[in-house]
Amino acid sequence: MSSDARLTLITRPACHLCEDAKAALDRVVAVTGDRWIEKDVTGDLELEREYGDRLPVVLLDGKEHGYWRVEEERLLRDLTTPQL
């Protein structure tokens, strides 16, 4: 996985909200041109402890942006607003 992706989606298998989040991220990056990567908590005790039942979790630039549902408008705004 490349480290140039600004977005990371933390997931687990058989998670219907994770599938919804993947579709939402695809819509967002279609507008912004960014990339996203997926990290599965399965077999990763550290990720499992950190995120537990709050999946899916969206990380923007390594920081938690939200969980359970992707707030597409807020994410679009945060991706396109210049950082000071």
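Arg35 counts as partly exposed, at 37% relative accessibility. In this predicted model, Arg35 meets Asp4 side chain to side chain in a salt bridge. The structure holds ten salt bridges.

**Asp4 and Arg35**
- The N to O distance in this salt bridge is 2.6 Å.
- Asp4 sits in the segment before E1 and Arg35 in the loop between H1 and E2, so the pair ties together parts 31 residues apart in sequence.
- Asp4 counts as exposed, because its relative accessibility is 53%.

**Arg6 and Asp61**
- Arg6 forms a salt bridge with Asp61, and their closest N and O atoms are 2.7 Å apart.
- Arg6 lies in the segment before E1, and Asp61 lies in the loop between strand E3 (57–60) and strand E4 (63–67), so the bridge ties together parts 55 residues apart in sequence.
- Arg6 is partly exposed at 22% relative accessible area, and Asp61 is partly exposed at 43%.

**Arg54 and Glu64**
- These two side chains meet in a salt bridge of 2.7 Å, N to O.
- Arg54 is in the loop between helix H2 (45–51) and E3, while Glu64 is in strand E4, so the pair ties together parts ten residues apart in sequence.
- Arg54 is partly exposed at 23% relative accessibility, and Glu64 is partly exposed at 38% relative accessible area.

**A linked network**
- Salt bridges link Glu19, Lys22 and Glu38 in a network.

**Strands E1 and E2**
- Strands E1 (residues 7–11) and E2 (residues 36–40) run parallel and are joined by five bridges.
- The chain passes from E1 through helix H1 (residues 16–32) to E2, in a right-handed β-α-β crossover.
- Ile10 stands opposite Lys39 in E2.

How values were computed. Residues are numbered from 1 along each chain as its sequence is written. This is a predicted model: local features need pLDDT of at least 70, side-chain atom pairs count only at pLDDT 80 or more; totals for chains, interfaces and linings use all residues. Side-chain values use heavy atoms; hydrogens and water are left out. Two strands pair if DSSP finds at least two bridges between them. Helices (H or I, at least four residues) and strands (E, at least two) are DSSP runs, numbered from the N terminus. A crossover is right-handed if, with the strands pointing away from the viewer, the path from the first strand over the helix to the second runs clockwise. A salt bridge is a side-chain nitrogen of Lys or Arg within 4 Å of a carboxyl oxygen of Asp or Glu. Buried means under 20% relative accessible area, exposed over 50%, partly exposed in between (1.4 Å probe, protein chains only).
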